[in-house]
Amino acid sequence: MILNISGVVLLGVIVFLFFRKDGLKASHCIVVTLFGFYLASTNIAPSITAGGESLASLLGGIKF
C-alpha cells in the first residue's frame, strides 16, 4: 500500500515537472491519465503491478 502511494506521488511529481518545464500540455496530461485508468482495468494490470513490485524490491535491496 505504501509503495502504491509513493509511486503515485513520484509519477505525479514527474508529470508536474514535465508540465512545467518541458511544455507538456494539459491535454497530454489528461490523455496519459485516462490511459492509465483504462490500462489498470485490463488483463495486463497484474503483470504491470508485479513488475513494479519486482523493481521496487530490486531497488530496495541496493546497499550504498
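**The nonpolar surface patch**

Modeller: Read along the sequence, the chain runs α-α-α, with 3 helices and 0 strands; helices (H or I, at least four residues) and strands (E, at least two) are DSSP runs, numbered from the N terminus. This is a predicted model, in which local features need pLDDT of at least 70 and side-chain atom pairs count only at pLDDT 80 or more, while totals for chains, interfaces and linings use all residues. Residues are numbered from 1 along each chain as its sequence is written, and side-chain values use heavy atoms, leaving out hydrogens and water. The average pLDDT (the predictor's confidence in each residue, from 0 to 100) is 79 for the chain; among its elements, α3 has the highest mean, 85.

The patch consists of Leu55, Leu58, Leu59, Ile62 and Phe64, with about 640 Å² of accessible area together (Shrake-Rupley method, 1.4 Å probe, only the protein chains shown counting as cover). Patch residues have over 30% relative accessible area and no salt bridge, nonpolar side chains being joined within 5 Å. Ile62 lies in the segment after α3 (45-60), and counts as partly exposed because its relative accessibility is 43%, between the limits for buried (under 20%) and exposed (over 50%).

Technical notes. Patches are made of residues with over 30% relative accessible area and no salt bridge: like charges are joined within 9 Å, nonpolar side chains (Val, Leu, Ile, Met, Phe, Trp, Tyr) within 5 Å. A salt bridge is a side-chain nitrogen of Lys or Arg within 4 Å of a carboxyl oxygen of Asp or Glu. Buried means under 20% relative accessible area, exposed over 50%, partly exposed in between (1.4 Å probe, protein chains only).
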